[in-house]
Amino acid sequence: AGMSWTAISPDLTRNDKSKQGTSGGPVSQDNASAEYYDVVYTIAPSPLRAGQIWVGTDDGLIQLTRDGGKSWHNVTPKGLPKWAKVSMIEASHFDAGTAYAALDAHKLDDFKPYIFVTHDYGKSWSKSDAGIDAPAFLRAVREDPRQKNLLYAATETGVYVSFDAGQRWQPLQLNLPVTSVRDLVVKDGDLVAATHGRGFWILDDISPLRELAAGAQVQSDRLYAPREAVRLHVADGDSLPYESVGKNPPNGAILYYSLAGKPKGAVTLAVSDTAGTVIKTFSSVPKPVDNDHPLEFPTEDHKKSKPLDTKPGLNQVVWDLRHEAAPDIEGAYYDAGGPVAPMVLPGQYTLTLTVDGKKYKQALTVVKDPRAKVTEEALQQQYQLLMQLDAATRQDHAAANAIIDVRAQLAGLQIRLASGKNGTALAAEAGTLDQKLAGLLETFYQYQAHAEESELNYPTELNSQLGYLQASVDSADSAPSAQQRQVYAMLRSKLDAALSRWQGTQTEIAAFNAKLAKAGVGAVLVGGGKK
(Lines give C-alpha, C1' and ligand atoms only; values in the text may rest on other atoms or scores of the structure.)
Protein backbone atom coordinates (compact mmCIF):
# COMPACT_ATOMS: atom_id res chain seq x y z
CA ALA A 1 0.00 0.00 0.00
CA GLY A 2 2.84 2.38 -0.80
CA MET A 3 4.93 1.74 2.32
CA SER A 4 7.74 0.44 0.12
CA TRP A 5 8.54 0.71 -3.57
CA THR A 6 10.42 -1.28 -6.20
CA ALA A 7 11.62 0.11 -9.53
CA ILE A 8 10.10 -1.74 -12.50
CA SER A 9 11.73 0.25 -15.30
CA PRO A 10 14.79 2.17 -16.35
CA ASP A 11 14.46 5.86 -17.20
CA LEU A 12 11.78 5.84 -19.88
CA THR A 13 12.32 9.45 -21.01
CA ARG A 14 14.93 10.97 -23.35
CA ASN A 15 16.84 12.11 -20.25
CA ASP A 16 18.24 15.14 -22.06
CA LYS A 17 20.21 16.98 -19.36
CA SER A 18 20.04 20.21 -21.36
CA LYS A 19 16.29 20.22 -20.75
CA GLN A 20 16.55 19.73 -17.00
CA GLY A 21 18.20 22.94 -15.80
CA THR A 22 16.59 25.86 -14.05
CA SER A 23 14.88 28.36 -16.28
CA GLY A 24 15.11 32.14 -16.18
CA GLY A 25 18.25 34.13 -15.48
CA PRO A 26 20.74 35.50 -15.57
CA VAL A 27 19.42 37.91 -12.92
CA SER A 28 16.54 35.84 -11.56
CA GLN A 29 16.18 32.08 -11.62
CA ASP A 30 12.91 30.16 -11.85
CA ASN A 31 13.37 27.01 -9.81
CA ALA A 32 9.75 25.81 -9.86
CA SER A 33 10.86 23.02 -12.27
CA ALA A 34 7.51 23.11 -14.06
CA GLU A 35 9.45 23.84 -17.24
CA TYR A 36 11.64 20.73 -16.96
CA TYR A 37 11.34 18.07 -19.64
CA ASP A 38 11.97 14.31 -19.32
CA VAL A 39 9.01 13.37 -17.11
CA VAL A 40 6.79 10.29 -17.28
CA TYR A 41 3.52 12.15 -17.76
CA THR A 42 0.90 9.42 -18.19
CA ILE A 43 0.67 5.78 -17.08
CA ALA A 44 -2.05 3.50 -18.48
CA PRO A 45 -2.35 -0.07 -17.17
CA SER A 46 -4.35 -2.37 -19.40
CA PRO A 47 -7.79 -3.18 -17.96
CA LEU A 48 -7.65 -6.49 -19.83
CA ARG A 49 -4.18 -7.92 -19.24
CA ALA A 50 -2.22 -7.93 -16.00
CA GLY A 51 1.33 -6.61 -16.27
CA GLN A 52 0.68 -4.65 -19.47
CA ILE A 53 1.44 -0.95 -18.94
CA TRP A 54 1.61 1.92 -21.41
CA VAL A 55 3.71 4.97 -20.51
CA GLY A 56 3.89 8.38 -22.18
CA THR A 57 6.48 11.08 -21.50
CA ASP A 58 6.45 14.84 -21.87
CA ASP A 59 9.44 14.63 -24.20
CA GLY A 60 7.59 12.67 -26.87
CA LEU A 61 8.06 8.97 -26.13
CA ILE A 62 5.63 6.07 -25.69
CA GLN A 63 6.89 2.95 -23.93
CA LEU A 64 5.19 -0.41 -23.35
CA THR A 65 5.76 -3.37 -21.07
CA ARG A 66 3.75 -6.56 -21.31
CA ASP A 67 5.43 -8.42 -18.47
CA GLY A 68 5.04 -6.13 -15.50
CA GLY A 69 8.18 -4.11 -16.19
CA LYS A 70 10.69 -6.86 -16.78
CA SER A 71 11.17 -5.59 -20.33
CA TRP A 72 10.20 -2.32 -21.98
CA HIS A 73 9.82 -1.40 -25.65
CA ASN A 74 9.92 2.02 -27.23
CA VAL A 75 6.76 2.07 -29.39
CA THR A 76 6.77 5.79 -30.20
CA PRO A 77 4.79 6.34 -33.43
CA LYS A 78 6.42 7.81 -36.49
CA GLY A 79 5.21 11.31 -37.22
CA LEU A 80 4.99 12.28 -33.60
CA PRO A 81 6.65 15.72 -33.20
CA LYS A 82 9.84 15.42 -31.19
CA TRP A 83 9.43 16.91 -27.71
CA ALA A 84 5.63 16.89 -27.99
CA LYS A 85 4.05 15.91 -24.69
CA VAL A 86 2.17 12.62 -24.53
CA SER A 87 -0.56 14.08 -22.37
CA MET A 88 -2.70 10.96 -22.03
CA ILE A 89 -2.73 7.30 -23.09
CA GLU A 90 -5.94 5.29 -22.95
CA ALA A 91 -5.62 1.49 -22.92
CA SER A 92 -8.62 -0.12 -24.60
CA HIS A 93 -11.33 -1.90 -22.60
CA PHE A 94 -12.09 -4.22 -25.53
CA ASP A 95 -8.76 -5.19 -27.14
CA ALA A 96 -5.49 -5.54 -25.28
CA GLY A 97 -3.46 -4.53 -28.33
CA THR A 98 -5.33 -1.25 -28.79
CA ALA A 99 -4.39 2.05 -27.19
CA TYR A 100 -5.08 5.71 -27.93
CA ALA A 101 -2.52 8.47 -27.37
CA ALA A 102 -3.30 12.19 -27.07
CA LEU A 103 -0.34 14.48 -27.80
CA ASP A 104 0.15 18.16 -27.04
CA ALA A 105 2.67 20.14 -29.14
CA HIS A 106 1.44 23.67 -28.43
CA LYS A 107 4.64 24.54 -26.54
CA LEU A 108 6.39 23.99 -29.87
CA ASP A 109 4.04 26.54 -31.50
CA ASP A 110 2.14 23.64 -33.05
CA PHE A 111 -1.55 23.86 -32.21
CA LYS A 112 -2.69 20.98 -34.41
CA PRO A 113 -4.54 18.07 -32.78
CA TYR A 114 -2.59 14.83 -32.51
CA ILE A 115 -4.33 11.54 -31.74
CA PHE A 116 -2.60 8.26 -32.51
CA VAL A 117 -4.12 4.78 -32.27
CA THR A 118 -2.52 1.34 -32.38
CA HIS A 119 -4.17 -2.06 -32.66
CA ASP A 120 -1.00 -4.19 -32.52
CA TYR A 121 0.68 -3.25 -29.24
CA GLY A 122 2.41 -0.21 -30.71
CA LYS A 123 4.09 -1.89 -33.68
CA SER A 124 2.18 0.48 -35.96
CA TRP A 125 0.18 3.62 -35.32
CA SER A 126 -2.23 5.69 -37.36
CA LYS A 127 -3.26 9.30 -36.92
CA SER A 128 -6.86 9.69 -35.78
CA ASP A 129 -7.92 13.34 -35.57
CA ALA A 130 -10.21 13.97 -38.57
CA GLY A 131 -12.87 16.51 -37.61
CA ILE A 132 -10.79 18.28 -34.95
CA ASP A 133 -9.09 21.47 -36.08
CA ALA A 134 -6.47 23.78 -34.58
CA PRO A 135 -6.27 25.34 -32.05
CA ALA A 136 -8.08 22.42 -30.39
CA PHE A 137 -4.90 20.59 -29.44
CA LEU A 138 -5.35 17.43 -27.40
CA ARG A 139 -5.35 16.97 -23.66
CA ALA A 140 -6.91 13.50 -23.32
CA VAL A 141 -8.70 10.72 -25.18
CA ARG A 142 -11.03 8.39 -23.31
CA GLU A 143 -12.76 5.24 -24.50
CA ASP A 144 -16.27 4.45 -23.34
CA PRO A 145 -15.89 1.44 -21.02
CA ARG A 146 -19.15 -0.16 -22.16
CA GLN A 147 -19.55 0.71 -25.86
CA LYS A 148 -16.88 -0.27 -28.34
CA ASN A 149 -15.78 2.39 -30.86
CA LEU A 150 -17.17 5.25 -28.75
CA LEU A 151 -14.43 7.76 -27.88
CA TYR A 152 -14.33 11.14 -26.16
CA ALA A 153 -11.61 13.75 -26.62
CA ALA A 154 -10.66 16.57 -24.26
CA THR A 155 -9.13 19.48 -26.13
CA GLU A 156 -7.99 23.02 -25.45
CA THR A 157 -11.32 24.37 -26.72
CA GLY A 158 -13.84 21.77 -25.58
CA VAL A 159 -15.04 18.17 -25.96
CA TYR A 160 -15.35 15.99 -29.08
CA VAL A 161 -16.93 12.59 -29.66
CA SER A 162 -16.26 9.80 -32.16
CA PHE A 163 -18.69 6.98 -32.92
CA ASP A 164 -16.30 5.01 -35.14
CA ALA A 165 -13.18 4.43 -33.02
CA GLY A 166 -11.65 7.78 -33.95
CA GLN A 167 -12.00 7.73 -37.72
CA ARG A 168 -14.14 10.87 -37.51
CA TRP A 169 -14.75 13.33 -34.69
CA GLN A 170 -17.49 15.89 -34.08
CA PRO A 171 -18.03 18.47 -31.34
CA LEU A 172 -19.87 17.46 -28.18
CA GLN A 173 -20.01 21.01 -26.90
CA LEU A 174 -23.72 21.64 -26.27
CA ASN A 175 -23.82 24.29 -23.51
CA LEU A 176 -20.21 23.70 -22.41
CA PRO A 177 -18.20 26.95 -22.58
CA VAL A 178 -15.23 27.16 -24.92
CA THR A 179 -12.61 26.25 -22.36
CA SER A 180 -9.58 24.05 -21.83
CA VAL A 181 -10.78 20.56 -20.87
CA ARG A 182 -7.94 18.67 -19.22
CA ASP A 183 -9.49 15.24 -18.68
CA LEU A 184 -12.65 13.19 -19.05
CA VAL A 185 -14.09 10.20 -17.20
CA VAL A 186 -17.19 8.07 -17.73
CA LYS A 187 -18.85 7.54 -14.35
CA ASP A 188 -22.15 5.69 -13.82
CA GLY A 189 -23.33 6.44 -17.35
CA ASP A 190 -22.41 10.14 -17.23
CA LEU A 191 -19.50 11.93 -18.92
CA VAL A 192 -17.56 14.19 -16.55
CA ALA A 193 -15.20 16.90 -17.83
CA ALA A 194 -12.53 18.64 -15.76
CA THR A 195 -11.61 22.11 -16.98
CA HIS A 196 -8.47 24.18 -16.49
CA GLY A 197 -10.50 26.58 -14.36
CA ARG A 198 -10.94 23.82 -11.76
CA GLY A 199 -14.55 23.39 -12.82
CA PHE A 200 -16.43 20.15 -13.36
CA TRP A 201 -19.11 19.70 -16.02
CA ILE A 202 -21.31 16.61 -16.26
CA LEU A 203 -23.16 15.38 -19.34
CA ASP A 204 -26.01 13.41 -17.77
CA ASP A 205 -26.81 10.04 -19.30
CA ILE A 206 -24.74 9.14 -22.35
CA SER A 207 -27.05 6.25 -23.32
CA PRO A 208 -27.95 7.86 -26.68
CA LEU A 209 -24.27 8.25 -27.55
CA ARG A 210 -23.76 4.56 -26.90
CA GLU A 211 -26.67 3.65 -29.15
CA LEU A 212 -25.32 5.90 -31.90
CA ALA A 213 -21.94 4.19 -31.65
CA ALA A 214 -23.74 0.84 -31.90
CA GLY A 215 -25.28 1.87 -35.22
CA ALA A 216 -28.31 4.01 -34.47
CA GLN A 217 -28.95 6.97 -36.74
CA VAL A 218 -29.69 10.28 -35.05
CA GLN A 219 -31.59 11.44 -38.17
CA SER A 220 -34.27 8.78 -37.71
CA ASP A 221 -37.47 8.36 -35.76
CA ARG A 222 -36.25 6.53 -32.69
CA LEU A 223 -36.91 6.12 -28.98
CA TYR A 224 -33.67 5.43 -27.16
CA ALA A 225 -33.35 2.82 -24.41
CA PRO A 226 -33.39 4.72 -21.10
CA ARG A 227 -31.19 3.89 -18.18
CA GLU A 228 -32.55 2.96 -14.77
CA ALA A 229 -34.47 5.74 -13.04
CA VAL A 230 -34.20 6.24 -9.27
CA ARG A 231 -37.14 7.44 -7.16
CA LEU A 232 -35.85 10.46 -5.24
CA HIS A 233 -37.55 12.92 -2.96
CA VAL A 234 -35.45 15.98 -3.65
CA ALA A 235 -36.17 19.68 -3.74
CA ASP A 236 -36.13 21.53 -7.04
CA GLY A 237 -33.10 23.74 -7.59
CA ASP A 238 -35.24 26.87 -7.37
CA SER A 239 -36.53 25.92 -3.92
CA LEU A 240 -33.28 24.96 -2.20
CA PRO A 241 -32.75 26.87 1.06
CA TYR A 242 -29.17 27.69 0.15
CA GLU A 243 -27.21 28.88 -2.85
CA SER A 244 -25.76 25.98 -4.78
CA VAL A 245 -22.53 26.31 -6.73
CA GLY A 246 -23.60 23.64 -9.16
CA LYS A 247 -26.75 22.29 -10.77
CA ASN A 248 -28.16 18.85 -10.14
CA PRO A 249 -29.31 16.65 -13.03
CA PRO A 250 -33.04 16.54 -13.71
CA ASN A 251 -34.95 14.50 -11.14
CA GLY A 252 -36.59 11.43 -12.66
CA ALA A 253 -36.15 9.51 -15.89
CA ILE A 254 -34.18 11.26 -18.64
CA LEU A 255 -35.72 10.11 -21.93
CA TYR A 256 -34.28 10.63 -25.40
CA TYR A 257 -35.89 10.36 -28.81
CA SER A 258 -34.85 11.45 -32.28
CA LEU A 259 -36.86 12.56 -35.30
CA ALA A 260 -35.86 12.11 -38.92
CA GLY A 261 -37.61 15.31 -39.95
CA LYS A 262 -40.42 17.63 -39.02
CA PRO A 263 -43.41 15.37 -38.19
CA LYS A 264 -46.71 15.94 -39.94
CA GLY A 265 -48.82 15.54 -36.81
CA ALA A 266 -48.49 15.57 -33.05
CA VAL A 267 -45.71 13.60 -31.37
CA THR A 268 -46.65 11.81 -28.15
CA LEU A 269 -44.71 9.86 -25.55
CA ALA A 270 -46.81 7.71 -23.23
CA VAL A 271 -45.78 5.88 -20.05
CA SER A 272 -47.77 2.78 -19.11
CA ASP A 273 -47.56 0.23 -16.31
CA THR A 274 -47.43 -3.56 -16.59
CA ALA A 275 -51.22 -3.70 -16.90
CA GLY A 276 -51.06 -1.42 -19.94
CA THR A 277 -52.64 1.52 -18.14
CA VAL A 278 -51.30 4.86 -19.38
CA ILE A 279 -50.21 6.90 -16.36
CA LYS A 280 -48.46 9.82 -18.05
CA THR A 281 -48.55 11.32 -21.53
CA PHE A 282 -46.30 13.94 -23.08
CA SER A 283 -47.36 15.67 -26.30
CA SER A 284 -45.95 18.16 -28.76
CA VAL A 285 -49.31 19.94 -28.59
CA PRO A 286 -49.07 22.61 -25.87
CA LYS A 287 -51.48 22.20 -22.98
CA PRO A 288 -53.88 25.09 -22.49
CA VAL A 289 -52.64 27.37 -19.74
CA ASP A 290 -55.07 28.89 -17.25
CA ASN A 291 -54.22 32.57 -17.67
CA ASP A 292 -56.33 33.42 -14.65
CA HIS A 293 -54.18 31.25 -12.38
CA PRO A 294 -52.25 33.48 -9.95
CA LEU A 295 -48.56 33.47 -10.81
CA GLU A 296 -47.39 34.12 -7.26
CA PHE A 297 -47.09 30.40 -6.62
CA PRO A 298 -47.39 28.49 -9.93
CA THR A 299 -48.17 24.82 -9.52
CA GLU A 300 -45.74 22.04 -10.37
CA ASP A 301 -48.07 21.04 -13.20
CA HIS A 302 -47.66 24.47 -14.78
CA LYS A 303 -43.88 24.40 -14.44
CA LYS A 304 -43.44 20.95 -15.97
CA SER A 305 -46.02 20.79 -18.76
CA LYS A 306 -43.73 21.85 -21.59
CA PRO A 307 -44.63 20.35 -24.97
CA LEU A 308 -42.37 17.80 -26.63
CA ASP A 309 -39.78 19.18 -29.04
CA THR A 310 -40.34 18.28 -32.69
CA LYS A 311 -37.06 19.47 -34.17
CA PRO A 312 -35.21 16.94 -36.34
CA GLY A 313 -32.41 15.14 -34.52
CA LEU A 314 -32.01 14.27 -30.87
CA ASN A 315 -34.50 15.53 -28.28
CA GLN A 316 -34.87 15.08 -24.54
CA VAL A 317 -37.78 14.96 -22.13
CA VAL A 318 -37.68 14.33 -18.38
CA TRP A 319 -40.40 12.34 -16.63
CA ASP A 320 -40.51 13.09 -12.91
CA LEU A 321 -41.82 9.53 -12.24
CA ARG A 322 -45.25 10.87 -11.28
CA HIS A 323 -48.75 10.35 -12.59
CA GLU A 324 -50.60 13.11 -14.41
CA ALA A 325 -51.42 15.85 -11.93
CA ALA A 326 -55.05 16.58 -11.20
CA PRO A 327 -56.50 19.38 -13.36
CA ASP A 328 -56.44 22.83 -11.80
CA ILE A 329 -59.37 24.76 -10.48
CA GLU A 330 -59.92 27.68 -12.81
CA GLY A 331 -58.37 30.83 -11.35
CA ALA A 332 -57.59 29.18 -8.00
CA TYR A 333 -54.86 30.34 -5.65
CA TYR A 334 -53.03 27.36 -4.14
CA ASP A 335 -51.68 28.11 -0.72
CA ALA A 336 -50.69 24.43 -0.45
CA GLY A 337 -48.61 24.56 -3.63
CA GLY A 338 -51.06 22.80 -5.91
CA PRO A 339 -51.99 19.14 -6.43
CA VAL A 340 -49.24 16.58 -5.79
CA ALA A 341 -49.24 13.83 -8.42
CA PRO A 342 -48.47 10.39 -6.93
CA MET A 343 -44.99 9.03 -7.59
CA VAL A 344 -45.00 5.60 -9.22
CA LEU A 345 -43.77 2.53 -7.40
CA PRO A 346 -40.49 0.79 -8.26
CA GLY A 347 -41.02 -1.59 -11.14
CA GLN A 348 -41.21 -1.98 -14.89
CA TYR A 349 -42.84 0.55 -17.20
CA THR A 350 -43.26 0.84 -20.97
CA LEU A 351 -42.49 3.95 -23.01
CA THR A 352 -44.31 4.43 -26.32
CA LEU A 353 -43.27 7.15 -28.75
CA THR A 354 -45.80 7.84 -31.52
CA VAL A 355 -44.67 9.74 -34.63
CA ASP A 356 -47.01 10.08 -37.61
CA GLY A 357 -48.88 6.92 -36.65
CA LYS A 358 -45.79 4.75 -36.05
CA LYS A 359 -45.01 3.53 -32.55
CA TYR A 360 -41.61 2.94 -30.96
CA LYS A 361 -41.36 1.19 -27.59
CA GLN A 362 -38.73 0.86 -24.86
CA ALA A 363 -38.76 -0.60 -21.35
CA LEU A 364 -37.98 1.55 -18.32
CA THR A 365 -36.97 0.26 -14.90
CA VAL A 366 -37.72 2.41 -11.86
CA VAL A 367 -35.87 1.56 -8.65
CA LYS A 368 -36.24 2.86 -5.12
CA ASP A 369 -33.79 5.22 -3.49
CA PRO A 370 -30.88 2.98 -2.40
CA ARG A 371 -30.53 5.07 0.76
CA ALA A 372 -34.12 4.49 1.88
CA LYS A 373 -34.59 1.65 4.35
CA VAL A 374 -38.21 1.04 3.46
CA THR A 375 -40.14 -2.10 2.61
CA GLU A 376 -42.16 -2.65 -0.55
CA GLU A 377 -45.25 -3.02 1.64
CA ALA A 378 -44.68 0.44 3.16
CA LEU A 379 -44.26 2.00 -0.29
CA GLN A 380 -47.42 0.24 -1.46
CA GLN A 381 -49.37 1.66 1.49
CA GLN A 382 -48.05 5.14 0.77
CA TYR A 383 -48.90 4.83 -2.92
CA GLN A 384 -52.42 3.62 -2.13
CA LEU A 385 -53.14 6.63 0.12
CA LEU A 386 -51.65 9.06 -2.42
CA MET A 387 -53.86 7.58 -5.15
CA GLN A 388 -56.88 7.97 -2.87
CA LEU A 389 -55.91 11.59 -2.23
CA ASP A 390 -55.44 12.13 -5.96
CA ALA A 391 -58.91 10.75 -6.68
CA ALA A 392 -60.39 12.99 -3.96
CA THR A 393 -58.57 16.03 -5.38
CA ARG A 394 -59.88 15.30 -8.87
CA GLN A 395 -63.45 15.06 -7.54
CA ASP A 396 -63.01 18.29 -5.60
CA HIS A 397 -61.58 20.16 -8.59
CA ALA A 398 -64.16 18.80 -11.03
CA ALA A 399 -67.01 19.91 -8.78
CA ALA A 400 -65.42 23.32 -8.21
CA ASN A 401 -64.92 23.90 -11.94
CA ALA A 402 -68.49 22.83 -12.71
CA ILE A 403 -69.85 25.22 -10.07
CA ILE A 404 -67.65 28.06 -11.37
CA ASP A 405 -69.07 27.49 -14.84
CA VAL A 406 -72.67 27.35 -13.61
CA ARG A 407 -72.21 30.56 -11.61
CA ALA A 408 -70.85 32.31 -14.70
CA GLN A 409 -73.98 31.23 -16.62
CA LEU A 410 -76.24 32.41 -13.80
CA ALA A 411 -74.51 35.80 -13.74
CA GLY A 412 -75.17 36.22 -17.45
CA LEU A 413 -78.79 35.15 -17.01
CA GLN A 414 -79.41 37.71 -14.27
CA ILE A 415 -78.26 40.51 -16.56
CA ARG A 416 -80.35 39.31 -19.49
CA LEU A 417 -83.47 38.45 -17.50
CA ALA A 418 -83.49 41.69 -15.48
CA SER A 419 -83.61 43.71 -18.70
CA GLY A 420 -86.37 41.65 -20.29
CA LYS A 421 -90.12 41.55 -19.76
CA ASN A 422 -91.41 39.34 -16.95
CA GLY A 423 -87.90 38.22 -16.16
CA THR A 424 -87.50 39.80 -12.76
CA ALA A 425 -88.69 36.75 -10.82
CA LEU A 426 -86.44 34.41 -12.77
CA ALA A 427 -83.51 36.79 -12.31
CA ALA A 428 -84.12 36.83 -8.56
CA GLU A 429 -84.30 33.02 -8.51
CA ALA A 430 -81.03 32.87 -10.44
CA GLY A 431 -79.47 35.17 -7.85
CA THR A 432 -80.70 32.99 -4.97
CA LEU A 433 -79.34 29.88 -6.66
CA ASP A 434 -76.02 31.63 -7.27
CA GLN A 435 -75.67 32.53 -3.59
CA LYS A 436 -76.29 28.93 -2.58
CA LEU A 437 -73.63 27.79 -5.07
CA ALA A 438 -71.18 30.39 -3.75
CA GLY A 439 -71.39 28.91 -0.26
CA LEU A 440 -70.98 25.41 -1.68
CA LEU A 441 -68.05 26.45 -3.87
CA GLU A 442 -66.25 27.85 -0.85
CA THR A 443 -66.34 24.36 0.68
CA PHE A 444 -64.56 22.87 -2.33
CA TYR A 445 -62.01 25.69 -2.48
CA GLN A 446 -61.50 29.12 -0.93
CA TYR A 447 -62.38 31.21 -3.94
CA GLN A 448 -62.16 34.49 -2.03
CA ALA A 449 -58.43 34.11 -1.34
CA HIS A 450 -56.12 35.31 -4.11
CA ALA A 451 -52.79 35.70 -2.28
CA GLU A 452 -51.04 34.41 0.79
CA GLU A 453 -52.22 37.26 3.02
CA SER A 454 -55.86 36.56 2.08
CA GLU A 455 -55.79 33.45 4.24
CA LEU A 456 -55.87 35.66 7.31
CA ASN A 457 -59.46 36.53 6.40
CA TYR A 458 -60.52 33.46 4.44
CA PRO A 459 -59.41 30.11 5.90
CA THR A 460 -58.30 27.28 3.65
CA GLU A 461 -60.83 24.77 2.43
CA LEU A 462 -60.91 21.29 0.93
CA ASN A 463 -58.61 21.72 -2.06
CA SER A 464 -55.80 23.18 0.05
CA GLN A 465 -56.40 20.79 2.92
CA LEU A 466 -56.08 17.86 0.51
CA GLY A 467 -52.96 19.47 -0.96
CA TYR A 468 -51.29 19.83 2.43
CA LEU A 469 -52.01 16.20 3.26
CA GLN A 470 -50.71 15.06 -0.14
CA ALA A 471 -47.45 16.93 0.42
CA SER A 472 -47.09 15.45 3.89
CA VAL A 473 -47.68 11.85 2.79
CA ASP A 474 -45.41 12.32 -0.24
CA SER A 475 -42.55 13.94 1.69
CA ALA A 476 -40.54 10.76 2.33
CA ASP A 477 -40.37 7.06 1.49
CA SER A 478 -42.43 5.67 4.35
CA ALA A 479 -45.78 4.18 5.21
CA PRO A 480 -48.46 6.74 6.12
CA SER A 481 -48.80 7.54 9.80
CA ALA A 482 -51.98 6.86 11.75
CA GLN A 483 -52.60 10.61 11.95
CA GLN A 484 -52.31 11.01 8.18
CA ARG A 485 -54.88 8.27 7.68
CA GLN A 486 -57.19 9.92 10.21
CA VAL A 487 -56.93 13.28 8.46
CA TYR A 488 -57.68 11.64 5.12
CA ALA A 489 -60.78 9.96 6.57
CA MET A 490 -61.94 13.32 7.93
CA LEU A 491 -61.39 15.11 4.60
CA ARG A 492 -62.98 12.25 2.66
CA SER A 493 -66.09 12.56 4.82
CA LYS A 494 -66.16 16.33 4.33
CA LEU A 495 -65.77 15.91 0.56
CA ASP A 496 -68.51 13.29 0.34
CA ALA A 497 -70.88 15.60 2.18
CA ALA A 498 -70.03 18.49 -0.17
CA LEU A 499 -70.47 16.27 -3.24
CA SER A 500 -73.86 15.15 -1.90
CA ARG A 501 -74.91 18.80 -1.51
CA TRP A 502 -73.71 19.45 -5.06
CA GLN A 503 -75.84 16.59 -6.36
CA GLY A 504 -78.83 18.04 -4.56
CA THR A 505 -78.16 21.48 -6.00
CA GLN A 506 -78.12 20.01 -9.49
CA THR A 507 -81.72 18.88 -8.89
CA GLU A 508 -82.57 22.50 -8.11
CA ILE A 509 -80.80 23.61 -11.30
CA ALA A 510 -82.89 21.12 -13.29
CA ALA A 511 -86.07 22.55 -11.77
CA PHE A 512 -84.90 26.07 -12.57
CA ASN A 513 -84.17 25.02 -16.16
CA ALA A 514 -87.78 23.84 -16.48
CA LYS A 515 -88.96 27.36 -15.60
CA LEU A 516 -86.48 28.84 -18.07
CA ALA A 517 -87.84 26.57 -20.79
CA LYS A 518 -91.39 27.80 -20.18
CA ALA A 519 -90.11 31.36 -20.53
CA GLY A 520 -88.30 30.47 -23.74
CA VAL A 521 -84.84 30.92 -22.21
CA GLY A 522 -81.93 28.56 -22.75
CA ALA A 523 -81.02 26.14 -19.96
CA VAL A 524 -78.12 26.35 -17.53
CA LEU A 525 -75.67 23.59 -18.48
CA VAL A 526 -73.92 21.58 -15.78
CA GLY A 527 -70.51 20.20 -16.60
CA GLY A 528 -69.38 22.74 -19.15
CA GLY A 529 -66.32 23.69 -17.09
CA LYS A 530 -62.98 21.94 -16.65
CA LYS A 531 -62.92 18.28 -15.72
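Accessible areas here come from the Shrake-Rupley method with a 1.4 Å probe. On this basis, the accessible surface of the protein chain comes to about 27,100 Å². Carbon and sulfur atoms account for 53% of that surface. The model is a predicted one.

The overall form was examined next. The C-alpha trace of the protein chain spans about 110 × 55 × 50 Å along its principal axes. The radius of gyration of the chain is 33 Å, whereas a compact globule of 531 residues would have one near 24 Å. Of the 531 residues, 46% count as buried. Contacts were also sorted by separation in sequence. Among those between residues at least 6 apart, 61% join residues at least 24 apart.

The secondary structure comprises six helices and 25 strands. Four of the strands form an open sheet in the order β3-β4-β5-β6, with antiparallel pairing. Strands β3 (40-45) and β6 (73-74) stand at the edges and have a single partner strand each, so one side of each lacks a neighbour in the sheet. Strand β5 (residues 62-65) pairs with β6 over two bridges, in the antiparallel sense. Here Gln63 stands opposite Asn74 of β6.

Strand β12 (residues 151-155) has partners in β11 and β13. Strand β11 (residues 138-143) runs antiparallel to β12 and is joined to β12 by five bridges. Strand β13 (residues 159-162) also pairs with β12 in the antiparallel sense, over four bridges. Ala154 takes part in both pairings: Ala154 is the bridge partner of Ala140, and Ala154 stands opposite Val159 in β13. In the hairpin of β12 and β13, three residues lie between the strands. Gly158 in this hairpin takes a positive phi near 150°.

Burial in β12 was then considered. Five of the five residues of β12 are buried. In a regular strand, side chains alternate between the two faces of the sheet. In β12, Leu151, Ala153 and Thr155 lie on one side, and Tyr152 and Ala154 lie on the other. These residues are all buried, and both faces of β12 are covered.

Glu453 gives a contrasting case. Glu453 lies in the loop between α4 (424-444) and α5 (462-474). Exposed means over 50% relative accessible area. Glu453 counts as exposed because its relative accessibility is 53%. Glu453 and His119 are 334 residues apart along the chain, and their C-alpha atoms are separated by 72 Å.

Methods: Residues numbered from 1 in each chain as written. Predicted model: local features only at pLDDT ≥ 70, side-chain atom pairs only at ≥ 80, totals over all residues. Heavy atoms only, no water. Pairing = 2+ DSSP bridges. Rg over C-alpha atoms; globule rule 2.2 N^0.38 Å. Buried < 20%, exposed > 50% of the residue type's maximum accessible area, 1.4 Å probe, protein only. Contact = heavy atoms within 4.5 Å.
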